[in-house]
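Please look over the sequence and the coordinates before reading on.

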Amino acid sequence: ERHRGKRRDGDGEKKKRKKRRRKGAHRAEEGEDEVQTRHERREREKRRRAKNDQEAKGRERDEEERVQTTSGKVAKTKKNIRNENTRRRVEEEEVEVEERLEKRKKKHGSAKKEEKKEDEGKQMVKEKEREVKKKKHKKETSEEEDDKEEDSKDEEMRPECLTPEELEKLKEAVDERKKLIQSLRGKPWPMKKKLVTLRESQEFVEKYEGALGKGKGRKLYAYKVMMTKKWMKFQRDFENFKTACIPWEMKIKEIESHFGSSVASYFIFLRWMYGINMILFGLTFGLVMVPEALMGRPYGSMPRKTVPRSEETSAMDFAVLWDFGGYAQYSVLFYGFYNNQRAIGWLKFRMPLSYFLVGVGTVAYSYMVVIRTMARNANESGVGDDNSFNFSWKMFTSWDYLIGNPETADNKFASITTSFKEAILEEQESHKDDNIHLTRFLRVLANFLVLCCLAGSGYLIYFVVRRSQKFALDGLENHTWWERNEVNMVMSLLGMFCPMLFDVISTLENYHPRVALQWQLGRIFALFLGNLYTFIIALMDEINLKREEEKIVKFNITTWEASLYNGTISENSTAPSITINPADVPRGPCWETMVGQEFVRLIISDTMTTYITLLIGDFLRAVLVRFLNYCWCWDLEAGFPSYSEFDVSGNVLGLIFNQGMIWMGAFYAPCLPALNVLRLHVSMYLQCWAVMCCNVPQERVFKASGSNNFYMAMLLVILFLSTLPAIYTIVTIPPSFDCGPFSGKNRMFDVIHETLESDFPAWFSKVFSYASNPGLVLPFILLMVLAIYYLQSTSKSYRQANVELKKKLQTQNEENKKKNKRAALKAQMDLEEARKAASQAAEEQKNNNASLQGQEDRQLLASRAPGPRTYHHGNHGASGYLPGFSEPRMCRVPSLQRH
Amino acid sequence: KSVIITVVIGNSGMMVSGAIALAFLPLLLTLIIRYRYYFVLLYRAVLVRIWKDCITGLTREERAYQYVLTHATPGDPDSILEAFDVWCSKVEFISNIGPKKGKILDRLLMEQSPLTVLELGAHCGYSTVRIARSLPLGARLYSIEMDQRNAAIAEKIIRLAGFDDDTLIVNPSDEVIPRLRSDYNLERLDFVFMDHWKKCYLPDLQTLEGSGLLGKGSMILADNVLFPGAPKFLRHLRRSGLYQWKIHRATLEYSKGIRDGMAELVYQGVK
């Protein structure tokens, strides 16, 4: 209040007050004077500087100030720009000192004596107050006044002692601040100023917002603010939590930031695969393995659930178990262990039906998921890829200002660098135009070479397989280890080396790395497919052999049973064949279990190979390169062996083919999904570690946006190719007679018929038989084909429409841009003119002011007013034509007048 | 059927069958294709050199000198450099700095315009001529060469190019550097070019640091830091913090596929 009072000048009342003050001041200690003189000097300096400033950049200020009139807190902001922060702080401190001194003075004075004076003083204060209010109302038109008031409020007012009007004002000011914060982005100010303004406005709003409500309302308001803040924090935490819940998300992000999206796409694919396998595992484990283990007949109760007598001695050996023989073979892990009992346990669980349906269901589910994911990916890639201003976006919007810890910052830094590299590469590729004929020739040549290589390796595999069959006929004992394992050796060697050769050849083609990756994937796919089918053909041969064997065994068993029956008859007629141990019963070869075992062995050896190559090829190499480099004659790190790069194509294909094996073998070995889950889990951790620890990023880091669907397409092909043999075996080959859930049936799918006949009412089976009539099925299929065709064509037309609309939007955008540009140019010219006019007006005004000043000077000299006052008035004059301009800290001026 | 296989099977003592051996063919091809530049380099730098040494009885540098003498214009450094380049890329291989990396060297010299230049490893004078060509007036170039015969050739080449304001010092670099200040009245080196034994890069740099000849802003350029490579030197750079440094990536001289780099160091002085 005192400050506000001090500001009024040229009134009789005020003069009186000044006198009183001066008296008080004389009574006070001497130190105060020093403070004030210092202060005065500073103030004068400041004013002068301010004025110089104003003259220098008059026009600029003009504009600035016009904007500032809208904001509440003009004086302070402006001063901030004009002065350094530290300086302001000093000044504020000084003001405080002054205030304190004065307060003390007053107390002193009142304590001394002179009741009258004190009364007078009180009266004066009241008067002052009244006057202030009046003036406030009067001068509300002048904005500087408001500003000053707010300034003073900032410094001394407590929200508790506010009158309604003041509250109203405060509210307005807060609203204005809020508006300013919102519109700050569009203001044509330098960034530093914006930041300062923003910070101060926010502080202001924070400080006074809560004060707006009174009593209960204020509390409620504060509570609301607090709750919104808490809620926001909670939301952010929840987001973090959600991210943390996505398995391996952080690891993958870290890899992505260092190695680019192509490497990360492999790990995302791996994670996706892990999810699929989890579900497959859940199905087989929950619906097949656990029911059989819990409710089925226990081990040893039947011949198919018992290790035969001849193998009993070695059934627990590690080598046998490692080969999935012995006890492992006669367990729930394989097809042969399951019983053909129609319903097991107290739940009447239909085991054979469940087995069959789970087998079909896993494949159906896989198809569904793969196709759905493909469709979703296709959607994503098609829409909204705005590549204009790509680099500007990256440049100015990449950094995440919420990053708090240095490691994340490092990662972000790496990821931004990588994304820049990717973008630069894309840009380069789009501008590349070489000798097109040469490139074409080289591409044809490269494909020819690759085809030669594929044909050669195919022939080699064929040759080796033929030879191994010859060896098998001769008897394997006559041959060396090398010859016996020739097929496996050749296949794995070719699988290892041919991709390298393809890689070298593909440098001829000069493709974009993403396209090159796809070609590479396609080629290796062809190579692996050869391997896979060799394997399947060999397996088929073996199945046929086993079935021959089975026939013989079947015949032998009947004779054996007959002899047994005869034997028992002769001895004891009441209890036939009760003493026979199931281990001694002769049994068939059970080709299904053999197939399952082959697949499990293949998966295990494949996994081992992957891990060992990882450890030797990546880790050992990295260790050698790193530590031998201290004592080597050339630079190992930058030169010849170097660190390895992450082989995306090889790893992706390994994963895909591995999955194909699972799909093929899961019907005969229910444990396969479980094994695969284990393998994927381990390889996730191992490969993440290996990538971060021993690999270097590729030389050309590229964006992998399109390749994800390519992986999916390959997966679909593999799914199709791997279900073919499985379905073939299920449909055409009769199941073994003495093992597995379908034993005793002619075909495996007979279980459906059986269930329909015995478990469902008669009408249902009738309906089903009608429905499965070809006369109904064929039209249905036709209808489906037609529907698919219709949907396809509509989607195509929609896509076209989309493209058209996009084009339209683009042209419209360009038009708008042009229009805006024109408007901006015009506005600029107008502004220029206005400025010129304003500067002219300013000159004139200044001249006027100078004359005015002269008069005032004289006047003020009488009242011993110091220099700053004149400046002060000068500014007043200026603010007439510069709306919103006001002096900093007008409130302090009167205190100087005491001298 | 395949001839090789029957042959191998014929040798019944062999353990590994021919099919397995054939499976290694892609690996062999891959290695040959991937490292073809290294094989070419090996052939040109080692095999051809030994062969020619035996035939002519001259050293490689002497042969190069003969070629330059017959094909270049005396007094014209450009023509001498060009003759060298032709000989090194067409006839035999000498690890000069080469035209491509030479351009970087030229540019740096133009920018710095140093007055005192030290060259470690003159070899047969190619880089000496190159440096001398782009030095400002009044500059002085000290060139150090360890081998007596190479030094003689370098001297001749330099004189042939028409430069006489440089000093050729025939001694190992580690002996010369500590005595530079006393013997040659050197106060400060503005520019040092290193192209001698890669193993000597680090010790020589350290002796230079210790001798106090490097001032703030002195530039050191080291060739072939990636191939054959000077890993210890680079490690020292990273750790010491005395230099502002960067690596100009390029390919090895007179060869396209081998990556190499030159390290550019600016001495920042002891803090």
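How many salt bridges does the count between chain A and chain B give? The count is one, a salt bridge being a side-chain nitrogen of Lys or Arg within 4 Å of a carboxyl oxygen of Asp or Glu.

## Basis of the model

This is a predicted model, in which local features need pLDDT of at least 70 and side-chain atom pairs count only at pLDDT 80 or more, while totals for chains, interfaces and linings use all residues. Residues are numbered from 1 along each chain as its sequence is written, chains are lettered from A and ligands numbered from 1 in the order in which they are written, and side-chain values use heavy atoms, with hydrogens and water left out.

## Confidence

The model scores ipTM 0.72 and pTM 0.65. For chain A the mean pLDDT (the predictor's confidence in each residue, from 0 to 100) is 76, with 71% of the residues reaching 70 or more.

Chain B averages a pLDDT of 84, and 93% of its residues score at least 70. Confidence in chain B is lowest in helix α1 (residues 3-10), at a mean of 41, and highest in strand β4 (residues 189-194), at 91. Residues 1-15 of chain B have pLDDT below 50, and this stretch has 12 contacts beyond near neighbours in sequence. Where pLDDT is low, the predicted coordinates should not be read in detail.

## Interface and salt bridges

In the model, 25 residues of chain A are in contact with 27 residues of chain B. The two chains bury about 2,500 Å² between them, 71% of it on carbon and sulfur atoms; buried area is the accessible area (1.4 Å probe) that two parts lose on being put together, summed over both. Trp482(A), Phe497(A) and Val504(A) supply 21% of the area that chain A buries against chain B, more than any other three residues.

Asp503(A) forms a salt bridge with Arg34(B), their closest N and O atoms being 3.7 Å apart. Over all chains the whole structure has 33 salt bridges, and one of these, within chain A, pairs Asp237(A) with Lys233(A) at 3.4 Å, N to O. Both of these residues lie in helix α11 (residues 216-245) of chain A, four residues apart, about one turn of the helix.

## Cavities

A search of the whole structure finds eight cavities of 30 Å³ or more, where a cavity is a set of points, on a 1 Å grid over the protein atoms alone, at which a 1.4 Å probe fits but cannot get out. About 110 Å³ of space lies in the largest cavity, volume being the space filled by probe spheres set on the points, which are joined across faces, edges and corners.

The residues lining the largest cavity, each with an atom within 4 Å of a point, include Ile536(A), Phe599(A) and Thr729(A). The elements giving two or more residues to this lining are α22 (513-571), α23 (591-628) and α26 (707-732) of chain A, and α22(A) gives the most, with four. By class, the lining has 10 nonpolar residues (Ala, Val, Leu, Ile, Met, Phe, Trp, Tyr, Cys and Pro), one polar residue and no charged residues, where Asp, Glu, Lys and Arg count as charged and the others, Gly among them, as polar.

Conventions: 1 Å grid on protein atoms, 1.4 Å probe; cavity = no way out; pocket = protein on both sides within 12 Å on 5 of 7 lines; lining within 4 Å. Contact = heavy atoms within 4.5 Å.
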